[in-house]
Each structure stands twice: as C-alpha cells, then as structure tokens.
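Student: Hey, can we walk through this one together? I'd like to start with how the chains meet.

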Amino acid sequence: MEYVLIIISAVFVNNIVLTRFLGICPFLGVSNKFSNAFGMSGGVLFVMTLATVVTYLINQYVLAPLGLGFLQTVIYILVIAALVQMVEIVLKKVSPALYRALGVYLPLITTNCTILGVAILVIQNNMNLAESIVFAIANGLGFSFALVLFAGLREQMALSDIPEGLKGAPIALITAGLLSMAFMGFAGIVK
Amino acid sequence: MNQAQNFLKGILKENPVLILILGTCPTLAVTSSAQNGLGMGLAATFVLLCSNAVIAAIKDLVPDKVRIPIYIVVIAAFVTIVDLVMAAYTPALHKTLGIFIPLIVVNCIILGRAEAFAARNDVLSSVVDGAGMGVGFTLALTVLGAIREALGSGAVFGQKFLAGDGILLFVLPPGAFICFAFMIAAVNALNRAMAAKGKR
C-alpha cells in the first residue's frame, strides 16, 4: 500500500516536471514529436532507476560511514556521468536496436536535473532501498507521462494559428502551465 | 568585442534565461518571490564567475576527450562551497531553495558558458562573460519573482502594497509557466523592436 502511495504521489500529485520543476529542458526540447518523447522517456526511466540505486548504495556504504556527506554533489554527478557513458557502451554491444532508439538521448540525460534531483530527494527523505527504487521508477513514469501528454498537445498545436509574439517557447510554456493547472486537480489525493 | 559589450550581452541581447532559454528549472521553481529569485541568482552567479575563471585558466592543461567531466567537477566543487556557505549564513533561504542549490551543478547555463566561452577565451574575458551572464540570470529571476509575488500575494520583496490575498495561482506552479511565457514574449518583442530601430 505504501508503495502504491509513492507511485500515485510521484506520478500525479507531485509530478516531477509539472509541480517540482525538474527536467524542464528536455520537457521543452524533445516534446515536438511523439516518437522523440517516447525515446527520451525510456532513457530517463532506465537511467533514473539505475542511478538512484547506485548513488543510494554509495551514500549508504561509502559516504555516510566515512562522514563524507559534503562530497555528495561532486560524487553523484560523476557517478551519473560515468553511468550514462557505461549504459551507452553496454547498450551498443548488447542491444543495437535499443541503442538506436535511445542512443541520441543518452548524452542529454547526464545534465537532466531529474536524475540528480531524484538521487538527492531519496537521501533527503530518508528512504530505504526498496522505497528508493519504487520512488525512482515512479518519478521516471511521472516524467514520461507528462512528456508524452505534452508532446501530444504540441503536435496538435503545430497546426493551429498562434499569435506572432507567442510562437515558439512562450506558447509551449503557456501550454505547460495549463497542463500543470490540470494536474493541480490531483492535489489532495495523497497527503 | 570590448569588455563592456562582453558584459552587456548577457543582460539583454543574449540573456541566458530569456533568449537562450537555458536554466529553466530553477527559473520556474524558485521564483515564487522576488527574494528567492535574487538568492538563487546570486548563488548561480558566484558559481558561474568562479567556474569560468578556473576553466579559462586550466583549459590548456585539460585533454580534450575528458574535458566535460573535468568541467563538471570544477563546477560541482564551487556548488558545494555555495551550498555549505548558504547553510551556515542564510539557513532560511537555504531551506526554501532546498534541492535547487545542489542542482546548480546541472544548470545548463554554467556548463554552457564553460564550453562555449571559457574554454576558448582568456581568464579576464571569461570572468566578465560570467559576470554578465550571472547578472542577466539574476535580473531575470528577480523580475519574474517580483511579478509573481506582486500578482500572487500583492507584495514585492515581502513588502505588501495591496490589501488582501492576490491571485494565488501565480504563486503556484501554473503561474510560473504562464508568467515566464509572457516575459519571454515581451523580451522577444523588445529585442525585435530594437533590431528594427538599429537597421533604419
């Protein structure tokens, strides 16, 4: 039950993109096509889960016992960068098909703040390993959900008549604002 | 390009937030009040100044292939300094900005300037560039924070000028997106008008 609550909270109530404001860059950047949105979502979900598990273990067994908590930011970002690189190499070898689908998105994921954000949130909220994994997967799903919804909206928007001054980034942000407003309807489902 | 132009380009012509649309996450997340925007802006400016200076100084020693990880470590070191200093001296602000302080590491403005400017220019120009971009970022965040605070709670920098509650929506997440959208549109219009004037 607890895990179900974590999932509902991360996907709908505290959606990582629309209410926590993490990962806005890829949210705006790769949402102009449905297929790109799917590729990016897959990459983020995969890397986020892996990165959260690895950084959790490093924090638990290396940083915390040695009192090196202040190195958290430096170590985490290095681990994430190395992990993304490794995933890229392994995927290329093991599953060329998946690599073709996710390949171009992987380098972008290193500087995606959702990954580092979730890794830090897990530590801040004192979650255990199982909760951390569920939290990471749920946030990956939340990111995917928002991104795919938004990509669908933007594909429709390509055909509509937009005032000159609002073309490009402004109209995308207004759409995101409306989507965020819709998500506010979920507030209160979970405390 | 002289240093004055180098400094000024970050403020309007190449404003990192409003023109290049970089660093949108902290821009949207922390601007629920002018004070938070200012605090975030100053923290990022400090990191940007220091990292630009260090990266411009070490650029000839860094092998090309591993430059990005090295730049990120330099940036992360300064972010940790800011994080600890803010926790010690401005605990309230540190608490409000929360997770967005460590996330300055992945703020694309900072890595972007390192890669696009500091890695190709001398230390002095890089510091000036960092200062200009930092001021541009801080200004954008403070103005956006002030607008949202004014509409949302009828106050600026905590100074109430309207009785009553204001429009709550503007302090909540949707208000951030919508205010930011209109701010970008306004700056685009301003830049276009200035360009048209320059041509004539």
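**Where the chains meet**

Tutor: Chain A and chain B bury about 2900 Å² between them, with 86% of it on carbon and sulfur atoms. Buried area here is the accessible area (1.4 Å probe) that two parts lose on being put together, summed over both. One caution: this is a predicted model, where local features need pLDDT of at least 70, side-chain atom pairs count only at pLDDT 80 or more, and totals for chains, interfaces and linings use all residues. Residues are numbered from 1 along each chain as its sequence is written, chains are lettered from A and ligands numbered from 1 in the order in which they are written, and side-chain values use heavy atoms, with hydrogens and water left out.

Student: How many residues does the contact take from chain A and chain B?

Tutor: The contact takes 32 from chain A and 33 from chain B, where contact means heavy atoms within 4.5 Å.

Student: And which three residues supply more of the area that chain A buries than any other three?

Tutor: F21(A), T73(A) and L173(A), which supply 21% of the area that chain A buries against chain B.

Student: New topic: how many aromatic pairs are there over all chains?

Tutor: A search of the whole structure finds 6. Rings of Phe, Tyr and Trp (its six-membered ring) pair if their centres lie within 6.5 Å; planes under 30 degrees apart are stacked, over 60 edge-to-face, and the rest tilted. One of them joins F12(A) and F145(A), edge-to-face, at 5.6 Å centre to centre and 80° between the planes.

Student: Where do F12(A) and F145(A) lie?

Tutor: F12(A) is in helix α1 (residues 2–13) of chain A and F145(A) in helix α8 (residues 129–157) of chain A, so the pair ties together parts that are 133 residues apart in sequence. Helices are DSSP runs (H or I, at least four residues), and strands are too (E, at least two), numbered from the N terminus.

Student: What about F183(A) and F186(A)?

Tutor: They form an edge-to-face pair as well, 5.6 Å centre to centre with 70° between the planes. Ring pairs link F12(A), F145(A), F183(A) and F186(A) into a cluster.

Student: Is F183(A) buried or exposed?

Tutor: F183(A) is buried, at 4% relative accessible area, while F186(A) is partly exposed at 27%. Buried means under 20% relative accessible area, exposed over 50%, and partly exposed in between (1.4 Å probe, protein chains only).

Student: Last one: how many cavities of 30 Å³ or more?

Tutor: The count comes to 1, with about 40 Å³ of space in the largest cavity. On a 1 Å grid over the protein atoms alone, a cavity is a set of points where a 1.4 Å probe fits but cannot get out, and lining residues have an atom within 4 Å of a point. Grid points are joined across faces, edges and corners, and a volume is the space filled by probe spheres set on the points.

Student: Which residues line the largest cavity?

Tutor: Among them are A44(B), L48(B), N107(B), M133(B) and F137(B).

Notes:
1 Å grid on protein atoms, 1.4 Å probe; cavity = no way out; pocket = protein on both sides within 12 Å on 5 of 7 lines; lining within 4 Å.
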